Amino acid sequence: MEYRRLGSTGMKVSPLCLGTMTYGTPEWRDWVLDQRASRPFIKKALDAGINFFDTADMYSLGESERVVGKALLDYARRDQFVLATKVCSPMGDGPNDRGLSRKHIMEAIDASLERLGMDYVDLYQIHRWDYDTPIEETMEALHDVVKAGKVRYIGASSMFAWQFAKAQHVAERNGWTRFVTMQPMYNLVYREEEREMFPLCADQGVGVIPWSPLARGVLAGKTTQGEGGESTRARTDEMTRKWHLGGDIDVPVIDALRSVAEQRGLPMAQIALAWVAANPVVSAPIVGASKEKHLDDAIAALDITLSDEEKTILESPYVPHAVAGHQ
């Protein structure tokens with residue numbers, strides 16, 4: 001495994017990040033694996049050299065952090081892995097159980113650390129933009145948790161480029177900690193981040209760690225959603241349909257992907273992930289795995305180098321999409 005700097009920081013991460021929304025409790029979502037079923041994936045990732053893991057407080061309403069934290073500490077020393085978690089999404093019914101206020105951030109980081117069984121997280125990310133809280137309040141609170149030693153670096157997730165630029169400017173103007181990563185949705189059928197966000201990140205040395213590089217399974221060939229889907233998640237996950245992933249306008253891209261994969265004699269998932277990872281602004285795609293093959297395909301994709309001709313075939317059928325994933 002060849003490690004790389006996370007953005008312009010000195011911290012080194014594997015070129016793949018294991019996303020852990022799939023691990024926690026099926027009481028939250030039918031397709032989530034419980035602790036016993038989750039642990040082999042975390043162990044396999046570590047054994048393969050993956051040292052970067054991403055979770056969030058809202059995954060299984062905290063149970064994902066418990067499952068992931070225990071497994072990581074059982075299988076590795078704390079200094080051997082890089083752990084990211086997130087804050088913003090609702091964790092209860094109360095008015096202050098969500099968002100990016102100072103009150104919620106201070107309470108959320110302590111709760112996350114307790115669930116994880118750790119003294120600090122390497123990367124603390126705002127899960128979305130909070131329209132109800134001044135960004136100055138958010139950035140100062142994040143700076144304070146860094147200075148308290150509870151967080152090493154901070155990052156952001158899906159938002160508009162102007163929002164990200166504003167947050168960075170506020171931090172710089174006040175001498176506060178700046179975001180070092182951006183976690184947007186990015187894949188062959190959703191490339192809108194290439195317009196503004198990617199150039200901004202490249203210019204500012206921000207590491208990009210895209211989520212859903214396989215478009216929630218659509219680019220692995222699982223194009224049937226809802227009733228008749230090939231998995232529990234495909235049958236029950238409303239987000240794929242909400243974000244219009246794999247719809248009629250995406251069929252030419254999926255067909256192009258299938259063609260390149262067949263010519264290579266490789267699974268579609270490997271080609272799709274190799275394309276995301278090849279983008280020079282991308283530090284590490286975030287991949288999920290609920291079957292051993294998912295992780296095998298992700299690791300194998302690291303050894304694939306696509307030709308310019310193949311990239312053209314994959315990219316040319318794309319048409320603009322409505323902005324998605326920011327809410």
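Predicted model: local features only at pLDDT ≥ 70, side-chain atom pairs only at ≥ 80, totals over all residues.
Phe81 counts as buried, at 2% relative accessibility.

**Phe81**

- Phe81 sits in the loop that runs between helix H2 (63-75) and strand S5 (82-87).
- The 2% relative accessibility of Phe81 is under 20%, so the residue counts as buried.
- Neighbours within four places in sequence aside, Phe81 is in contact with Asn51, Phe53, Leu72, Leu73, Ala76, Met118 and Asp122.
- From Phe81 to Glu292 the C-alpha to C-alpha distance is 21 Å, and the two are 211 residues apart in sequence.

- Phe53 is in contact with Cys17, Leu18, Ile42, Ala45, Leu46, Leu72, Phe81, Val82, Leu83 and Ala84, leaving aside its neighbours within four places in sequence.

**Lys86**

- Lys86 belongs to strand S5.
- With a relative accessible area of 0%, Lys86 is buried, because buried means under 20%.
- Residues up to four places away in sequence not counted, Lys86 touches Asp54, Thr55, Ala56, Asp57, Tyr59, Tyr124, Gln125, His127 and Gln183.
- Lys86 and Met58 are 8.0 Å apart in space, C-alpha to C-alpha, and 28 residues apart in sequence.

**Packing of H10 and H11**

- H10 packs with helix H11 (residues 292-301) at an angle of about 45 degrees, and their axes are 8 Å apart.
- That angle makes H10 oblique to H11.
- The two helices, H10 and H11, have a right-handed crossing.
- On the H10 side the contact is made by Ala269, Gln270, Leu273 and Ala274, and on the H11 side by Asp297, Ala298, Ala300 and Ala301.
- Sorted by class, the contact of H10 with H11 has 6 nonpolar, 1 polar and 1 charged residues.

Note on methods. Residues numbered from 1 in each chain as written. Heavy atoms only, no water. Contact = heavy atoms within 4.5 Å. Axes fitted to C-alpha atoms, helices over the stretch in contact; angles between N-to-C directions. Helix = DSSP H or I, 4+ residues; strand = E, 2+ residues; numbered from the N terminus. Parallel < 35°, antiparallel > 145°, perpendicular 65-115°, else oblique. Left-handed = near helix turned anticlockwise from the far one by under 90°. Nonpolar A, V, L, I, M, F, W, Y, C, P; charged D, E, K, R; others polar. Buried < 20%, exposed > 50% of the residue type's maximum accessible area, 1.4 Å probe, protein only.
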